[in-house]
Amino acid sequence: MGWALALHGGAGDVPRTLPPELREPRLATLRRCLDLGAAALRDGRTALDVVELVVRELEDCPHFNAGRGSVLTAAGTVEMEACVMEGATLRCGAVSGLSTVANAVSLARLVMERTPHIYLAFDGAEAFARDQGVETKDPSHFITEHNIERLRQAKEANRVQIDYTQPLKGQQAQKETPADGNSQTGTVGCVAVDAAGNLATATSTGGLVNKMAGRIGDTPVVGAGTYANALCAVSATGKGEEIIRHTVARDVAALMEHRGLPLRDAAKRVVAGAPRGTVGLVAVSRGGEVCMAHNTTAMFRACATEAGHAEVGIWTDAGAGADGGESVSAAL
Ligand code: ASP
């Protein structure tokens, strides 16, 4: 069926009233990254190269919660994380706790290719970055005015603590979506299958606004936020703690592997099985099938296939794709 790719820029409960100044730059970046990835696949680049290429572009865009636009921890710092995985070989690499690395996804790939390990974090990961000579920046480069304001709002509302086992200050802590719908959205990911049938996935994030320093989410956890095997490649976004509990990305692959489900059925079943409002994912199969499913109100997303299907979107009509139909986007 040829090459295919899908990318996301985060899932969340984004109101349809999201102002154009928050909507348009993200949509434009998704379109640009889609074109970039599709052109690279057409040129015969491997799926692994393409997911890294696309995620690097998304990391460089301050409108997404990864790289330059990473959200801040409760301490006002940035702790970026990323993961990359190649389906045919099950090779994977992951990094967490980065505060200076411009493109976490590329460091994750170096962990995969140049160390005997899978996952490096904090000081050890930073030291590895220096050793490899990857591009680094002063930590202040990643701290945008926008994210300082988001942290201030999150602290004021005592948001995000819902995910942790510490006491909550009042019911307001239960309410995690601020009025501008700009809360946790923005983690980025890309999945691809190239013309030779190789699958790969990459995900990169700054995590959750006001997360505890040291918190590790689903993104770098192989099988949770990121997974690929010989059948499919998956990148998830949403509430990391739920995605880890539900082993979202691996479950999609497991349903295909052990139950023989087609990609879309597997992806939709996994997303529908997670708590409402917590999970979105993009996935491609070896056969070039694409699925972009979420149980949040929205997911910034885009996909293209060699067969000529292309889509860029944020919201999905409620129930779309849930009926077993063939639509690529599904709201569950
Ligand atoms: N899943 C990410 C995390 O929990 C956040 C996101 O997808 O926006 O760190």
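**View 1. Threonine 201 sits in strand E6, residues 199–205.** Strands here are DSSP runs of at least two residues (E) and helices are runs of at least four (H or I), numbered from the N terminus. This is a predicted model, where local features need pLDDT of at least 70, side-chain atom pairs count only at pLDDT 80 or more, and totals for chains, interfaces and linings use all residues. Residues are numbered from 1 along each chain as its sequence is written, and side-chain values use heavy atoms, with hydrogens and water left out. Threonine 201 counts as buried because its relative accessibility is 0% (buried is under 20%, exposed over 50%, partly exposed in between, with a 1.4 Å probe and protein chains only). A polar atom of its side chain lies 2.9 Å from the backbone oxygen of valine 234. Leaving aside neighbours within four places in sequence, threonine 201 has contacts (heavy atoms within 4.5 Å) that include Val51, Met85, Cys190 and Tyr227.

**View 2. Here helix H7 (residues 248–259) meets helix H8 (residues 263–273).** Their axes, lines fitted to C-alpha atoms over the stretch in contact, come within 9 Å and cross at roughly 135°. Angles run from 0 to 180 degrees between N-to-C directions. H7 and H8 are therefore oblique to each other (under 35 degrees is roughly parallel, over 145 roughly antiparallel, 65 to 115 roughly perpendicular, and the rest oblique). Among the residues that meet are Val248 and Leu255 from H7, and Leu263 and Val270 from H8.

**View 3. Proline 15 is in the loop between strand E1 (4–12) and helix H1 (20–42).** With 24% relative accessibility, proline 15 counts as partly exposed.

Terms used: Polar contact = N/O pair within 3.5 Å; in protein donor to acceptor, adjacent residues only side chain to side chain.
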